[in-house]
Structure formats: C-alpha cells, structure tokens
Amino acid sequence: SGAEARTAESCAAALQQLLTRALAEWRGLALAVRPRVLWVAAHYLELPGLLDETWAVLLGCLEELLLRGGKAEGDARARQLAASAWDGLLLKKWAMPQLSNLGRDKSGAQTTFDAAAASALVEVPEYRSDGLQVGLTVLQYLAWVVQASIAASSTAAAAAATGPGSGSAANGAAAAAAAAA
C-alpha cells in the first residue's frame with residue numbers, strides 16, 4: 001500500500017544518511033568497526049553512475065583502509081600499548097605498595113599484568129588484517145559496479161544507435177544489460 005511504500009522510502013533515506021554520515025566521520029570510528037562500515041556502505045549506498053561526493057568519500061575511506069590502515073591514526077593509545085607490549089613491558093607499576101613481595105619488579109615496586117597492552121599487541125595487527133581483507137573485497141565489488149555501469153551504458157548507447165526498428169540488436173542489448181546486472 002501507499003503508507004508502507006512511504007515508510008520503506010523513509011527508512012531507505014534514513015539508512016543512506018546514516019551510512020553517509022558514518023563515512024564522513026571515518027576517523028572518529030573505532031578501528032574495529034571501520035572495515036564493516038566500509039563494506040556495508042559500499043553494498044548499500046546508492047551510488048550514482050557518475051563520480052560524485054558519495055563516491056569520493058567512499059573511495060577516500062577505502063584508500064585510507066588499504067594504504068594507511070597500518071598507521072592506525074585514530075587510535076594512538078592502542079599503538080602506544082602495542083609498542084610497549086612488543087618491548088616486553090607487559091607489567092605496569094602500581095601507585096600503592098602492597099604488603100607482599102609477590103608481583104614486585106627488580107626495584108621492589110608493585111607490578112601487575114598490563115592487560116590493555118597485551119590486548120593491543122593482539123588486536124592492532126588483527127584490525128589491520130581485517131581492514132586489508134575487507135578493503136580488497138570492497139575494491140573488487142566497486143570495480144564490478146563500475147564495470148556493470150559501463151556495460152549498461154554501452155548497451156544502451158548501442159541500442160539507441162541501431163534504432164527502435166532493429167529487433168535483433170535490441171534483443172541483444174537487452175540480454176547484455178541483463179547479464180551486466
């Protein structure tokens with residue numbers, strides 16, 4: 001019915017706005033969610049046939065994920081913790097001394113296992129790996145989208161050039177357009 005169609009259109013428009021906003025605020029997203037946001041945006045954003053702002057933002061996020069993902073600009077603390085962990089500094093000193101010698105370092109200061117550093121040691125490379133895998137998948141998908149758009153445009157141009165009277169050319173163009181979609 002008409003009300004259901006309007007509701008569906010409203011939801012679709014809200015989804016488009018949400019995805020566009022997520023891409024625009026890319027650097028504010030957590031490293032763990034960036035690959036998924038990019039994948040969802042690439043598959044569900046309405047991408048026009050011509051390069052526009054939506055394409056530019058999407059391709060900018062893809063470029064950052066593929067080419068600059070190793071730098072992890074948005075999470076300096078995770079990089080710092082991972083570097084600390086790589087240096088073998090998985091113990092941190094407590095400010096308050098405890099009564100026992102258990103868990104004391106060579107200087108006698110109380111220490112505890114630094115779970116955040118250990119976690120960063122494992123998670124940051126995993127984020128990079130996930131980002132590269134998803135980025136390459138999105139790149140492949142967008143290449144297909146561009147190829148299908150070019151094929152559809154070429155088919156439409158060929159059909160228009162042959163005119164409405166040539167049935168076999170029109171049938172061939174329709175078959176090519178259906179194969180491209």
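Me: How many helices and strands are there in the protein?
Reply: This is a predicted model. The protein has six helices and two strands. Starting at the N terminus, the elements follow the order α-α-α-α-β-β-α-α.

Me: And what share of the residues is buried?
Reply: Of the 181 residues in the protein, 24% are buried.

Me: Which residues have the most contacts inside the largest nonpolar core?
Reply: They are Leu23, Leu38, Leu58 and Leu142, within a core of 18 residues. Helices α1 (2–24), α2, α3 (53–67) and α5 (115–162) each contribute at least two residues to this core. The most comes from α3, which gives five residues.

Me: What is leucine 142 in contact with?
Reply: Setting aside neighbours within four places in sequence, leucine 142 is in contact with Ala42, Leu47, Trp55, Leu58, Leu59 and Leu62.

Me: Let us turn to α2. Which of its residues are buried?
Reply: The buried residues of α2 are Arg34, Pro35, Val37, Leu38, Ala41 and Ala42. Viewed down the axis of α2, these residues fall within an arc of 160°, so they line one face of the helix.

Me: Where is tyrosine 44 placed, and how does its accessibility count?
Reply: Tyrosine 44 lies in helix α2, which covers residues 34–44. Tyrosine 44 counts as partly exposed because its relative accessibility is 48%, between the limits of 20% for buried and 50% for exposed.

Me: Which surface patch includes Tyr44?
Reply: Tyr44 forms a nonpolar surface patch with Leu15 and Leu18, and together they have about 290 Å² of accessible area.

Note on methods
Residues are numbered from 1 along each chain as its sequence is written. This is a predicted model: local features need pLDDT of at least 70, side-chain atom pairs count only at pLDDT 80 or more; totals for chains, interfaces and linings use all residues. Side-chain values use heavy atoms; hydrogens and water are left out. Patches are made of residues with over 30% relative accessible area and no salt bridge: like charges are joined within 9 Å, nonpolar side chains (Val, Leu, Ile, Met, Phe, Trp, Tyr) within 5 Å. Accessible areas come from the Shrake-Rupley method with a 1.4 Å probe; for residues, only the protein chains shown count as cover. A salt bridge is a side-chain nitrogen of Lys or Arg within 4 Å of a carboxyl oxygen of Asp or Glu. Helices (H or I, at least four residues) and strands (E, at least two) are DSSP runs, numbered from the N terminus. Buried means under 20% relative accessible area, exposed over 50%, partly exposed in between (1.4 Å probe, protein chains only). The arc is that of the directions from the helix axis to the C-beta atoms. A nonpolar core is a set of buried Ala, Val, Leu, Ile, Met, Phe, Trp, Tyr and Cys residues joined through side-chain atoms within 4.5 Å. Contact means heavy atoms within 4.5 Å.
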